[in-house]
Amino acid sequence: MPLARSLSVTSLSGLDEWDEEFELEDAVLFEIAWEVANKVGGIYTVIQTKARMTAEEWGENYFLVGPYVESNVRTQVELIEPTNPVLKRTIDKMNASGCKIYFGRWLIEGSPYVVLIDVGFTAWSLDRWKSELWDLCAIGVPWFDREANDAVLFGFLTAWLLGEYAAQSEDPPHVVAQFHEWLAGLGLVLCRQRQLPVATIFTTHATLLGRYLCAGNVDFYNNLAEFNVDKEAGDRQIYHRYCLERAAAHCAHVFTTVSQITAIEAEFLLKRKPDIVTPNGLNVKKFSAMHEFQNLHAQSKNRIQEFVRGHFYGNLDFNLDKCLFLFIAGRYEFSNKGADIFLEALARLNYLLRVNHSDVTVIAFFIMPARTNNFNVETLKGQAVRKQLWDTAQTVKERFGKKLYESLLVGQLPDVSKMLDKEDFTIMKRAIFATQRQCQPPVCTHNMLEDSSDPILNCVRRIGLFNSSADRVKIIFHPEFLSSTSPLLPMDYEEFVRGCHLGVFPSYYEPWGYTPAECTVMGIPSISTNLSGFGCFMEEHIADPTAYGIYILDRRYKGVDESCNQLTSFLFQFCKQSRRQRIIQRNRTERLSDLLDWRYLGRYYIAARHMALAKAFPDTYIYDPQEPSSASGFRYPRPASVPPSPALSRHSSPHHSEAEDNDEDERYDEELEAEKDRVNIRQPYTIPVKGKAVLGGNGSGEDEASEKN
């Protein structure tokens, strides 16, 4: 099943041919998701970061619809009266009929309007609506599945909202409704069944059955065509959820998903090929540090080094200047997120570094939340010892400085033998003795509630990486999300990522992958896989991803052992890079950030909405895009200079050596290479003035300078 490019799974450049003009003045967009102002997972990030661009396109006619969760509303939403008179009449009518609907502004970038529905307030209708769902679709929802019950309530209420809006409109409205994931999908099914004048879009960010199958350690991608989907869903007691998701996919005017790999998955599991792929983006401006990102890397790295000094006190027998920080972060899905293959590769990397007598030390951080009851005492003690040593050094420095100052005042050079007295030496000896420890540095920073059955800790025990002095690879498992208020590692996630050298995300199931995308926009190289949406996207749009610090691991066509060897090779070659090579690679990685900006990727959503309008209202909207030719694929080219990997070209790679510094022919010109890359990438899409949306390469603001180069 090759990842062939087609109209339904198009490249970035394919949209250049789609230059139809759309009048959006009388159109209204409702975007419906369970994670509107309600953080549960990655969909929250998608909607939150995309809101500014969508609000600029649709203006006052853009409304997000989600559940009312009081704790979230208090901190994220400003409740106001509806500004749209039709929507105000709609909400008033529903509230008078026994619902509780709230309207406000979501306090995020773009300040979009939100319509929040209290599903619990109408729970008295649940049995009646379940019965109606059975009569209409023959889908039965069991009483004990609370999440599915919420989906039923939310679906009927959103369909009621859209139907009431159409009824309250004086002129026939042109409504676009985009539904995210199965939790919101029932509303779409009801809209089509009731024949409401609504152009519908269903976006799946990951199929339900796909998640369950991958969690069961099956050879998922190579057996997609073989699964009996009804039986598999029934065996896992999610058949009713699967039916809701599949019904939404088939009823939608336009069906989209977030990546090509998920498009193939949806085609086999949901039995419909997506009409267009809508990749996830980021607000690059939020993460960008302009030309200071290298300085920010150095500052954040220093803070991580301070933590490492405390964690490894008494065993700090390695050079921190030759220490590389690797990390993996995300939900604690041991196999799906690739933590299993990462640990095995670290064990093999440790062997390679030792037999090659490398002076490089690798510290791998695992940032995955798990059940804990407190910080590890030994870990807290390490940070206390580090602080005590710092205070001791400051005390001796002040005493030394005072004696030096007094000696210079009388016009004499100081007698070095008298600058430090016996008391100073006593203080320093006591501090040194305090750093002695009788055990090895801990692997886990917290006390785990299920230590004996924890997958990461059991794998560490199996491979024998216990942070001993002989090992060149050290492991730190931080089973809690990072926070700037933590007494242990007081850094937020963004700051921590900036301080690391490499993000490692060898996921087996990853429909998109925000973690490597965030690394890219912060200029941090990362390892992804050809089973993640991010990895597939980069492989399609970059001629040589490795040269730009995007390492793509093959987990689709290789076995586990082969993939592990490839990952070990990536890590070992990265360890062989000089400091100068890593700086050059970070510069290249950071220049890819515009590819992941919503100003680029938002055009996929624009195309999906235009496609839905044309299908639902063919008398008003016409949408006939041209299929891109195979020769027009957008490929970010190989850098002008040879990639900074010692494995690819030892002689022409940029080396930090006196011989090369004197060789003008091989001198690396960062500005020249950056300018060539800027020429090769199209300028970001510019949102047109409200009322006229132009979709196409010639009208996408190519004359405008990019905010970030």
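Reply: Begin with strand β9 (residues 254-257), in what is a predicted model. Both of its faces are covered. Val254 and Thr256 are buried on one side, Phe255 and Thr257 on the other.

Me: How do you know that β9 pairs with strand β8 (residues 198-204)?

Reply: Pairing takes at least two bridges between the strands. β8 and β9 have four bridges, in the parallel sense. Thr204 has Thr257 as its bridge partner in β9.

Me: And what makes β9 and strand β10 (residues 276-277) a pair?

Reply: At least two bridges are needed, and β9 and β10 have two, so they count as paired. They run in the parallel sense. Ile276 in β10 is the bridge partner of Thr256.

Me: Which strands make up the open sheet, and in what order?

Reply: The sheet has six strands, in the order β15-β12-β11-β16-β17-β18, with parallel pairing.

Me: Why are β15 (473-478) and β18 (550-553) called edge strands?

Reply: Each has a single partner strand, so one side of each is left without a neighbour in the sheet. On average, neighbouring strands of this sheet are turned by 25 degrees against each other, direction ignored.

Me: What makes β15 a partner of strand β12 (residues 361-367)?

Reply: The cut-off is at least two bridges. β12 and β15 have six bridges, in the parallel sense, so they pair. Val362 stands opposite Val473 in β15.

Me: Which helices lie across strands of this sheet?

Reply: Helix α19 (residues 514-521) is one of them, lying across β11 (323-329), β16 (502-504), β17 (526-529) and β18. α19 runs at about 145 degrees to β17. Helix α21 (residues 560-575) lies across β11, β12, β16, β17 and β18. α21 runs at about 160 degrees to β18.

Me: Why pick out the phi of Gln237?

Reply: Most residues other than glycine have a negative phi. The phi of Gln237 is near 60 degrees, a positive value. Gln237 sits in the loop between α8 (229-235) and α9 (239-251).

Me: Is Gln237 buried or exposed, and how do you know?

Reply: Exposed means over 50% relative accessible area. Gln237 has 62%, so it counts as exposed.

Me: What is the phi of Asn467, and where does Asn467 lie?

Reply: Its phi is near 65 degrees, a positive value in a residue other than glycine. Asn467 lies in the loop between α17 (455-463) and β15.

Me: Which residues make the nonpolar surface patch of about 360 Å²?

Reply: Tyr405, Leu409 and Val410 make this patch.

Me: Where does Lys418 lie, and is Lys418 buried or exposed?

Reply: Lys418 lies in helix α15. Its relative accessible area is 63%, over 50%, so Lys418 is exposed.

Me: How many residues separate Lys418 and Lys403 in sequence, and what is their C-alpha distance?

Reply: Lys418 and Lys403 are 15 residues apart in sequence. In space, their C-alpha atoms are 9.0 Å apart.

Conventions: Residues numbered from 1 in each chain as written. Predicted model: local features only at pLDDT ≥ 70, side-chain atom pairs only at ≥ 80, totals over all residues. Heavy atoms only, no water. Patch = residues over 30% accessible without salt bridge, like charges linked within 9 Å, V, L, I, M, F, W, Y side chains within 5 Å. Areas by Shrake-Rupley, 256 points an atom, 1.4 Å probe, with all protein chains shown as cover. Salt bridge = Lys/Arg side-chain N within 4 Å of Asp/Glu carboxyl O. Axes fitted to C-alpha atoms, helices over the stretch in contact; angles between N-to-C directions. Contact = heavy atoms within 4.5 Å. Buried < 20%, exposed > 50% of the residue type's maximum accessible area, 1.4 Å probe, protein only.
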